[in-house]
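The report below is meant to be read beside the sequence and the 3D view.

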Amino acid sequence: MKSEKQLYFIPFNDRTLISPDFKYTDEYKDIYSFFKNKAIKCQKEYISKCFELRSGDKCVGYLALSLCSVKQKYLSSPKNRGLFERPAIRIGQLIIDAGQHKQGYGSCAINFVISIARLMKSFLPCRLLVVDAIDGKAMKFYEHIGFKVIDENTLVFDLAPMFKPEG
Ligand SMILES: CC(C)(COP(=O)(O)OP(=O)(O)OC[C@H]1O[C@@H](n2cnc3c(N)ncnc32)[C@H](O)[C@@H]1OP(=O)(O)O)[C@@H](O)C(=O)NCCC(=O)NCCS
């Protein structure tokens, strides 16, 4: 029987300790430093919600989310351009332990965000996921899982098709 690894998303709290064993390369030290030094403060000020990703007893990643909006002009066809904004969840920070890449954890984190949007939608609808990719590798990852580039390093994922009632 195939054994599936389970991934848990543990919300940050005052007791959250950033794992000293977490592996990352120098180019991503600002992301690690956000979780080590700023995440709890941002969360206390209701700016971000942060999660530790755990598989078994090992921390495999960190995720920070916030809310934002995207100008409709970046999304619509020319004849339908307006000044309106579309509500979005921003993937503020995401990092997977460098020893654990390409095992599905990053895409699982995005599926987790989609499930939050799905839960929220009866109370507070949200149309898009948005991310500013840190570099070309991150852009390729987001494009690979279905995000579309709207501006330089900004990508969006349209949630509407996933929310349509079945049948
Ligand atoms: C980008 C990152 C989050 C991806 O996480 P991951 O756990 O390695 O990604 P997954 O294993 O879920 O990959 C999902 C799919 O994307 C593909 N993929 C992952 N990284 C990719 C890349 N750099 N280029 C192209 N495809 C990529 C995988 O091969 C996989 O494809 P498949 O479903 O066809 O098998 C991770 O590499 C990371 O933490 N990078 C450093 C920090 C960073 O860039 N964070 C994003 C900040 S904007």
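## Loops, strands, core and ligand shell

Tyr46 is found in the loop between α1 and β2, where helices (H or I, at least four residues) and strands (E, at least two) are DSSP runs, numbered from the N terminus. This is a predicted model, in which local features need pLDDT of at least 70 and side-chain atom pairs count only at pLDDT 80 or more, while totals for chains, interfaces and linings use all residues. Residues are numbered from 1 along each chain as its sequence is written.

### Two loop residues with positive phi

Phi of Tyr46 is near 60 degrees, a positive value in a residue other than glycine. Most residues other than glycine have a negative phi. Glu152, in the loop between β6 (148-151) and β7, likewise has a positive phi, of about 30 degrees, although it is not a glycine. Burial is counted from C-beta atoms placed from the backbone: a residue is buried if 20 or more others lie within 10 Å of its own, exposed if 12 or fewer, and partly exposed in between. Tyr46 counts as exposed because it has 9 C-beta neighbours inside 10 Å, and Glu152 counts as exposed because it has 9 such neighbours inside 10 Å.

### Overall form

The protein has four helices and seven strands, and from the N terminus on its elements run β-α-β-β-β-α-β-α-β-β-α. The C-alpha atoms fill a box of roughly 50 × 40 × 30 Å, taken along the principal axes. The radius of gyration, taken over C-alpha atoms, is compared with a globule rule of 2.2 Å times the number of residues to the power 0.38; for 167 residues a compact globule would have a value near 15 Å, and the 17 Å of the protein agrees with this. Of the 167 residues, 24% count as buried. Two residues are in contact if their C-beta atoms, placed from the backbone, lie within 7 Å, and among contacts with a separation of 6 or more, 60% are between residues 24 or more positions apart.

### Strand pairing

| Strands | Sense | Bridges |
|---|---|---|
| β2 and β3 | antiparallel | seven bridges |
| β3 and β4 | antiparallel | eleven bridges |
| β4 and β5 | parallel | three bridges |

Strand β5 is mostly covered, since four of its five residues are buried.

Ser66 also belongs to strand β3, and with 18 C-beta neighbours inside 10 Å it counts as partly exposed. Leaving aside neighbours within four places in sequence, Ser66 is in contact with Ile47, Ser48, Arg90 and Gly92.

### The nonpolar core

A nonpolar core is a set of buried Ala, Val, Leu, Ile, Met, Phe, Trp, Tyr and Cys residues joined through C-beta atoms within 7 Å. The largest one holds 31 residues, of which Cys50, Leu63, Leu129 and Val156 touch the most other members. At least two residues of this core come from each of α1 (29-44), β2 (49-55), β3 (58-71), β4, α2, β5 (128-132), α3 and β7 (154-158), and β4 gives the most, with six residues. Not counting residues up to four places away in sequence, Val156 touches Val70, Leu128, Leu129, Val130, Phe147, Lys148 and Ile150.

The ligand is surrounded by 21 residues, and the closest are His101, Gly106, Ser107, Ala138 and Lys140. Two or more residues of this shell come from each of β4 (85-96), α2 (105-120) and α3 (136-144), with α3 giving the largest share, five residues. Counting Ala, Val, Leu, Ile, Met, Phe, Trp, Tyr, Cys and Pro as nonpolar, Asp, Glu, Lys and Arg as charged, and the others, Gly among them, as polar, the shell divides into twelve nonpolar, six polar and three charged residues. Ser107 of this shell lies 41 residues from Ser66 in sequence and 18 Å from Ser66 in space, C-alpha to C-alpha.

Conventions:
Near = placed C-beta within 6 Å. Pairing = 2+ DSSP bridges.
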